[in-house]
Amino acid sequence: MFDVNDKILFALAGLVILFVLGQSVLFFLIAFKRAKELNMDMKKLRSVLIGTGIFTIAPAISILIGLISLSKFLGLPLPWLRLSVVGALTYELPAATTAANAMGVSLNETITDPVVYSTIAWVMTLGIMAGIFIITFWLRKIESGLIKIKGTDQKWGDIFMDSLFLGMISAFLGMIFSDVHLGMVGFIPVVVMVVSSLIMLVCGYFIKFKNQAWLENYALPISMISSMLLSIPITHLMGGV
């Protein structure tokens, strides 16, 4: 019987992650060696290392939440690999859900069909490769184009960048509003989204008006964790399961 937590899957995922960690260590050593060659202040370097180490905790919390969410039906190895290397929950979950729905499979329980599992894995992998190719071959052209737009008109340059961001966010709103036709229960994701947005606005208020700059790195995990916890009573109050 197929097992999403098979030892072979853990071994394969571990090999890839070890390779990526090896790259990180290599680049760190090269950078540190170069810093010593330039006679940079070691105290400042240690301060930077400590600071960056602390601030990696915030995104790590978000990744852990994604890992837990995906592991419910995909097991641990695949989400561990995806979220450790190139993926993000905002992409991985919609990709997995879309693939599962196309095959008529529910993601409320662990997948036991290897065909479904491999299909989801391929969709998650191939779907994100477009971004990798675009960055690899056309990043410089895109970057020079953005710089040119901003150089010509800073205002329109900012509007253009904001439009790209809003376009990306809009792509995910379909999943949130997809079940509103079901009545009150269908609005549960919408209410959770609104609550999460309000929490983010509160964090933004303290960052901008109360000079709490440290919140910049923790606003996202705070809003995510808080909204996930609040989704339980919200679901109960709105008649969900």
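1. Packing of helix 8 and helix 9. In this predicted model, helix 8 and helix 9 pack with their axes 9 Å apart and at an angle of about 145°. Axes here are lines fitted to C-alpha atoms, for helices over the stretch in contact, and angles run from 0 to 180 degrees between N-to-C directions. Helices are DSSP runs (H or I, at least four residues), numbered from the N terminus. The crossing of helix 8 with helix 9 is right-handed; a crossing has this hand if the near helix is turned clockwise from the far one by less than a right angle, and is left-handed if anticlockwise.

2. Residues between these helices. On helix 8 the contact (heavy atoms within 4.5 Å) includes Val192, Val195 and Ile199, while helix 9 contributes, among others, Leu230, Ser231 and Ile234. By class, the contact has twelve nonpolar, six polar and no charged residues. Ala, Val, Leu, Ile, Met, Phe, Trp, Tyr, Cys and Pro count as nonpolar, Asp, Glu, Lys and Arg as charged, and the others, Gly among them, as polar.

3. Basis of the values. Residues are numbered from 1 along each chain as its sequence is written, and side-chain values use heavy atoms, with hydrogens and water left out. Because the model is predicted, local features need pLDDT of at least 70 and side-chain atom pairs count only at pLDDT 80 or more, whereas totals for chains, interfaces and linings use all residues.

4. The nonpolar cores. A nonpolar core is a set of buried Ala, Val, Leu, Ile, Met, Phe, Trp, Tyr and Cys residues joined through side-chain atoms within 4.5 Å. The largest core has 18 residues, of which Phe73, Leu74, Ile111, Ile120 and Met124 touch the most other members. Two or more residues come from each of helix 3 (57–74), helix 4 (77–85), helix 5 (89–102) and helix 6 (114–152); helix 6 gives the largest share, five residues. A second, separate core of six residues includes Val192, Val195, Ile199 and Met238.

5. Ala96. This residue lies in helix 5 and is buried, with a relative accessible area of 0%. Buried means under 20% relative accessible area, exposed over 50%, and partly exposed in between (1.4 Å probe, protein chains only). Leaving aside neighbours within four places in sequence, Ala96 is in contact with Phe73, Leu74, Leu107, Ile120 and Met124.

6. Salt bridges. The structure holds two salt bridges, each defined by a side-chain nitrogen of Lys or Arg within 4 Å of a carboxyl oxygen of Asp or Glu. In one of them, Arg34 meets Glu37 at 3.1 Å, N to O; both lie in helix 1, three residues apart, about one turn of the helix. Arg34 is partly exposed at 46% relative accessibility, and Glu37 is partly exposed at 46%. In the other, Glu92 pairs with Arg82, the closest N and O atoms being 3.1 Å apart. Glu92 belongs to helix 5 and Arg82 to helix 4, ten residues apart. Glu92 is buried at 0% relative accessibility, and Arg82 is buried at 6%.

7. Positive phi values. Most residues other than glycine have a negative phi. Asn39, in the loop between helix 1 (7–37) and helix 2 (42–55), has a positive phi of about 60°. Asn211, in the loop between helix 8 (188–209) and helix 9 (219–237), has a positive phi near 55°. Asn39 is exposed, with a relative accessible area of 66%; Asn211 is exposed, also at 66%.
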